[in-house]
Amino acid sequence: MSADLLIGLTAGAIAAALVAYALVRALLRAHAGIAATDAARPVLNQLLAFFAGVVERRRGLDAGLDKRLSELETLTRQAGGTFLGGATGAEIFVARWVFPILSTLVLATILPLLGAPAGLTFLAVLLFGVMLWAWPESGLKDAAGKRTRLFVRQLPGALDVMRLISQSGGDLFSGIVAVTQVTEPGPVREELTLLRNEVAFGASLPAALNHVAERVGTPEATAVFTTLAQAMEMGTSISDNLRSAAELIRRQARNRAQERAQKAVVNMSFPLLLLILPGVFIVLLAPLVLQYLASR
């Protein structure tokens with residue numbers, strides 16, 4: 001393939017991609033189901049929203065689909081609503097099909113133009129298709145898991161701040177406001193900021209506490225925030241509940257660390273037996289074997 005032909009094919013592929021981008025964007029803008037707030041989102045998110053609208057219209061008609069969407073929406077809340085540009089559960093659901101189709105179209109068009117063999121093109125399409133089919137949900141689960149683990153790790157320090165404010169004469173809401181002002185950025189600060197905003201817009205503090213437990217979804221968060229909500233409704237000591245909750249989370253973290261340390265010893269035994277000890281025996285026994293062979 002000559003250089004002029006390669007340049008021409010590349011320019012044609014880029015022009016076709018730009019035309020396709022403009023057509024998709026015009027289609028999304030013309031579609032009545034795209035809200036005005038979605039118009040500012042990237043075109044890929046608008047494309048996902050376009051197909052997610054079709055899935056949303058099937059809610060209530062398929063119990064399996066409703067359950068799957070509910071699971072994905074729970075994960076998006078646990079991930080902080082920031083995964084894939086703030087995609088909803090329905091958008092994550094359709095991304096499993098949109099991404100492989102887009103990658104197939106792009107690779108099947110670009111690779112032959114670049115002179116790639118048909119076998120290589122097929123393998124690339126298959127590989128990227130499988131990866132992009134699995135990535136939206138697996139990536140969402142990873143993002144949700146990392147955020148919830150960080151939330152649990154930061155929570156005891158936030159509870160200590162709230163307890164100090166409570167013991168100094170302030171109420172629980174004052175402690176929450178202090179946490180949002182003095183703690184490091186992270187999921188605890190983000191969730192308590194949402195709680196503060198909910199209260200500012202008229203929600204009761206016990207209801208906002210329960211909402212935090214629902215959004216985070218971990219056993220630790222559920223136990224802490226539902227207990228605080230019940231303590232407020234029943235009038236029991238807030239500082240005592242904060243102290244016991246922080247101690248419980250730290251104790252559970254120590255127990256998990258001890259379990260991981262014990263499992264690490266077992267996991268290290270296999271590389272030790274298979275890789276390290278044979279090398280040690282070779283170093284120790286090789287001189288004796290060489291000496292024996294030389295004496296014969």
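## Exercises on an all-helix chain

A search of the whole structure turns up four aromatic pairs (rings of Phe, Tyr and Trp, the last by its six-membered ring, with centres within 6.5 Å; planes under 30 degrees apart are stacked, over 60 edge-to-face, the rest tilted). Keep in mind that this is a predicted model, where local features need pLDDT of at least 70, side-chain atom pairs count only at pLDDT 80 or more, and totals for chains, interfaces and linings use all residues. Residues are numbered from 1 along each chain as its sequence is written, and side-chain values use heavy atoms, leaving out hydrogens and water.

**Exercise 1.** Work out what kind of aromatic pair W97 and W133 form, and which helices they lie in.

*Solution.* 
- Now place the residues: W97 sits in helix α4 (residues 89-113) and W133 in helix α5, so the pair ties together parts 36 residues apart in sequence. Helices here are DSSP runs of H or I with at least four residues, strands are E runs of at least two, and numbering goes from the N terminus.
- Finally, check the surface: W133 has 35% relative accessibility, so it counts as partly exposed. The scale is buried under 20% relative accessible area, exposed over 50%, partly exposed in between, with a 1.4 Å probe and protein chains only.

**Exercise 2.** Describe how helices α8 and α9 pack.

*Solution.* 
- Two packed helices are described by the angle between their axes and the distance between the axes.
- For α8 (residues 205-216) and α9 (residues 219-234), the angle is about 170° and the axes are 8 Å apart. Axes are lines fitted to C-alpha atoms, for helices over the stretch in contact, and angles run from 0 to 180 degrees between N-to-C directions.
- So α8 and α9 are roughly antiparallel (over 145 degrees; under 35 is roughly parallel, 65 to 115 roughly perpendicular, the rest oblique).
- On the α8 side the contact (heavy atoms within 4.5 Å) includes L205, L209 and V216; on the α9 side, F225 is one of the residues involved.

**Exercise 3.** Where is G129, is it buried or exposed, and which residues beyond its sequence neighbours does it contact?

*Solution.* 
- G129 is in helix α5.
- Its relative accessible area is 12%, so G129 is buried.
- Leaving aside neighbours within four places in sequence, G129 touches P100 and S103.
- The C-alpha atoms of G129 and W97 are 9.1 Å apart, though 32 residues separate them along the chain.

**Exercise 4.** What stands out about the phi angle of L84, and where is L84?

*Solution.* 
- Phi of L84 is near 55°, a positive value in a non-glycine residue.
- L84 is in the loop between α3 (63-78) and α4.
- With 19% relative accessibility, L84 counts as buried.

**Exercise 5.** How many helices and strands does the chain have?

*Solution.* 
- The count is 10 helices and zero strands.
- As for the interior, buried residues make up 33% of the 296 residues.
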